[in-house]
Amino acid sequence: MNKLNQYLVFTLDEQRYALYLSAVERVVRIAELTPLPEAPDIVLGIINLQGRIIPVVNIRRRFNLPDREIEVSNQMIMSHTSKRVLALLVDVVEGIVERPEQEVILVEKILPDIEYVEGVVKLEDGLILIHDLERFLSLEEERKLEDAMKEGAVNQGAENG
């Protein structure tokens with residue numbers, strides 16, 4: 001039997017990307033960001049979402065796309081890796097696509113050195129790059145973010161105490 005995979009499709013500029021739906025908690029509108037000193041360059045800041053402090057990452061920087069002004073129409077995808085919850089800032093969330101597993105072309109067959117893309121799905125109207133969220137942050141970025149989040153929590157506690 002063919003296994004169907006579900007993906008949440010989003011755009012950055014005109015290119016479409018996707019995450020496995022199982023890694024997505026929900027999509028929310030852009031919120032006010034609080035800067036997080038000492039965080040990796042890819043982290044725009046943090047947000048407080050229902051009592052959870054979540055780092056917001058600029059996925060554009062990961063794909064070497066030019067930075068853009070944050071607009072009211074931007075959305076954030078609340079997603080999770082095995083280590084943490086991340087908010088990914090995207091231009092537009094297009095929706096959910098289902099495709100049989102065998103239709104995914106693994107990136108190793110196209111270009112083995114692409115770090116953040118797991119595969120490609122061909123649709124009638126173009127290609128979608130499937131993003132590998134588990135490899136999104138390097139070990140160094142992960143460590144730096146963890147330290148910055150701890151430091152931010154300590155400073156937040158000092159301000160409230």
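View 1. Lys83 touches Leu139 and Glu142, leaving out residues up to four places away in sequence. Contact here means heavy atoms within 4.5 Å. The model is predicted: local features need pLDDT of at least 70, side-chain atom pairs count only at pLDDT 80 or more, and totals for chains, interfaces and linings use all residues. Residues are numbered from 1 along each chain as its sequence is written, and side-chain values use heavy atoms, with hydrogens and water left out. Lys83 and Glu142 are 59 residues apart in sequence, yet 9.1 Å apart in space, C-alpha to C-alpha. Lys83 is found in the loop between strand 6 and strand 7. Helices (H or I, at least four residues) and strands (E, at least two) are DSSP runs, numbered from the N terminus. Lys83 is exposed, at a relative accessible area of 55%. Buried means under 20% relative accessible area, exposed over 50%, and partly exposed in between, with a 1.4 Å probe and protein chains only.

**View 2. Arg84 and its two glutamates.** Arg84 also has its place in the loop between strand 6 and strand 7. Arg84 is buried, with a relative accessible area of 12%. Its side chain makes a polar contact of 2.7 Å with the side chain of Glu142. A second polar contact, of 2.5 Å, joins the side chains of Arg84 and Glu146. A polar contact is a pair of N or O atoms within 3.5 Å; within protein, one must be able to donate a hydrogen and the other to accept it, and residues adjacent in sequence count only if both atoms are side-chain atoms. Beyond four places in sequence, Arg84 touches Pro55, Ser79, Glu142, Leu145, Glu146 and Met149.

**View 3. Thr81 in the loop between strand 6 (75-80) and strand 7**. Thr81 counts as buried, at 13% relative accessibility. A polar atom of the Thr81 side chain lies 3.0 Å from the backbone nitrogen of Lys83. Not counting residues up to four places away in sequence, Thr81 touches Leu86, Leu133 and Glu134. Thr81 and Phe136 are 55 residues apart in sequence and 9.0 Å apart in space, C-alpha to C-alpha.

**View 4. Phe136 and the largest nonpolar core.** This core holds 29 residues, of which Phe10, Ile59, Ile77, Leu88 and Phe136 touch the most other members. Strand 1, strand 2, strand 4, strand 7 (85-90) and helix 2 (139-160) each supply at least two residues of the core. A nonpolar core is a set of buried Ala, Val, Leu, Ile, Met, Phe, Trp, Tyr and Cys residues joined through side-chain atoms within 4.5 Å. Leaving aside neighbours within four places in sequence, Phe136 is in contact with Ile42, Val57, Ile59, Arg62, Leu86, Leu88, Tyr116, His131 and Glu141. Another core lies apart from the largest one; it has 10 residues, among them Leu49, Met76, Ala87 and Leu89.

View 5. Strand 5 and strand 7 run parallel and are joined by 3 bridges. Two strands pair if DSSP finds at least two bridges between them. Asn58 has Leu89 as its bridge partner in strand 7.

**View 6. Two loop residues with positive phi.** Asp13 is not a glycine, but its phi is near 55°, a positive value. Asp13 lies in the loop between strand 1 (4-12) and strand 2 (15-20). Asp13 is partly exposed, with a relative accessible area of 29%. Gln50 is not a glycine either, and has a positive phi of about 55°. Gln50 lies in the loop between strand 4 (43-49) and strand 5 (52-58). Gln50 counts as exposed, at 69% relative accessibility.

**View 7. The protein chain as a whole.** The secondary structure comes to 2 helices and 11 strands. From the N terminus on, the elements run β-β-β-β-β-α-β-β-β-β-β-β-α. Of the 161 residues, 43% are buried. Among contacts between residues at least 6 apart in sequence, 59% join residues at least 24 apart.
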